[in-house]
Amino acid sequence: MFKKYKPFFKAGMINSMAYKSAIIGWFFITIIEVLCTLFLWFAIYKNATSPVINGFTFREIIAYFIFSNILSFCIFGGDTGYRIDKEITEGTICMSFTKPISYRGKNLAIALGIIMNKFLMIGLPLTLIAYTIFILTGIIKFVSVWALLFSLFSFLILVLCSIIISDSLEYFTGICCFYTTSGWGLNLAKNSIVGFLGGASLPLAFFKFGKIDFSIVLNYLPFAGMIQNPILALLGDYSQPQTYLLIIHTIGLSITWIFLLELINAIFFKIASKKVTVQGG
Amino acid sequence: MHYIRFYFASIKRSIMSRLEYKGDTIIAMLAFTIENVCSLLSIYFVVNSIPALNIDGQGVWNIWQIGFLYGFVMLPKGVDHLFTDELWRVCYWRVTDGSLDRNFLKPMPTLLMTIAETFQPEGFGEIILGIAMIIICGLQPNVVFNWTFANVVLLIIAIIFGAIIISAFKIMFAGLAFILKRTGQMFQLVYNSLTYVKYPRGIFPKVIRVLLTGIIPFMLITTIPVEILLGFLSYNPWIISIIIISAAAILLTLAIIIWNVCASKYESTGN
């Protein structure tokens, strides 16, 4: 069943290797961003009344941003939305509709190829290096080998869920392009919303207006499963039994969202494919 | 005169081609607003989690003052965005895909030809939100301004010449792409430093302040004028205005030289 999607997966992997300069550029950008973030948070914690703000110490928040930068680079690079937009504006989408393969399956295979390659070649090694450093320096509490394995295993499952959720939202944006016939603006809006609500710029625990805590609702949305939840699996305090339950609950929620988003996408595609306009080509 | 007519004719064509996708153009304008609202909310959530942001040597910044600074940063950025967005494409892919070849074949300066290809109405989204932020935050009772004629002139100069400074960096890196083929990531590194000028200068150590004032002078065009207006700095606004104009003139001249030198070494790589 999956054999026919293998060439797309492979093409995605090869494609992601073509931009080595992007990887080097990202690395330098990240170093400078983390440095500036460090100074900003240093000023924030200096002015705080307590060493813990919204459940994060200064060292934990820095660890959060390092993991968040690594994950964002890997997960947000599938580009399914832009690919569909390009197919529509160039008119090549009519070719995709005539092929005997699922349009969703093809796009998911390409995105998985790109993201998996980036994650396995860059994301995972960097995460493991950072994780080891944080454990050795005491930023992440070492409880037991079992807790460490649970943390890493649940992180990997949550990253896989995150990749699929991210691509589902990319695909949804791509289908919206069937109506707008161009997706530059849509993709831009999607990237901002997903990055913000996914916890890439700030953990959701900080999303408070006075006494209103938005994180209670936001934690149940699919966005939380994209950046924040895999990081919390690494940063969790496993000396508390409820942390295990929380992580299992998070995994269950992410899997539920995957099914729900795929169902919504399938229905939406069925309706929208009747609307698609072929330009040029 | 001929060049000016050509520029406006090209801009008109660019607007017409963008309006071919009316819905998406409006969504893109909204998208830039959404992007900035998200970024602003992030700052709000961070600063709101502490009683006050007390910066060493400056005093206490409240959330409205930070919002005012944020709104001001969006103005030169938005103006630059309107006119020079095509240079991002040069930095990223126009050299490698060979689509820039045609700009070298026409009897027009290549830089003018390239810039005139795109007018990005999304920049209006940033400018409108920036002005809205300045008005909303500026009207708060706990934001006190040091309104003088010199300070107003300084703000106007910072917006206009600030946009020129940002554009000058864009021209430099787009020019370097003629030799290095792809400089998008390198320019992103410089452009991203605009994120950090949305915070008071006092947060950052001296080395970053010197870097963002003397080498990549984004603090000079944003944070310093706003801090003078809000009374956090006591520099002479006329001197700062002259420094901004001089920096813009030097950087733009340097950028044009880099563009011309690199353009003479341009080799087509595409098909």
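Select Phe45(B) to begin: in this predicted model the residue is buried, with a relative accessible area of 3% (buried means under 20%, exposed over 50% and partly exposed in between, with a 1.4 Å probe and protein chains only). Rings of Phe, Tyr and Trp (its six-membered ring) pair if their centres lie within 6.5 Å, and planes under 30 degrees apart count as stacked, over 60 as edge-to-face and the rest as tilted.

Residues are numbered from 1 along each chain as its sequence is written, and chains are lettered from A in the order in which they are written. Local features need pLDDT of at least 70, side-chain atom pairs count only at pLDDT 80 or more, totals for chains, interfaces and linings use all residues, and side-chain values use heavy atoms, with hydrogens and water left out.

Phe97(A) is partly exposed at 35%, whereas Phe178(A) is buried at 2%.

Then select Trp41(A), Phe42(A), Tyr45(A), Phe56(A), Phe58(A), Tyr64(A), Phe65(A) and Phe206(A), which ring pairs link into a cluster.

Finally, display both chains together: 42 residues of chain A are in contact with 35 residues of chain B (contact means heavy atoms within 4.5 Å). Leu40(A), Asn47(A) and Phe196(A) supply 17% of the area that chain A buries against chain B, more than any other three residues (buried area is the accessible area, with a 1.4 Å probe, that two parts lose on being put together, summed over both).
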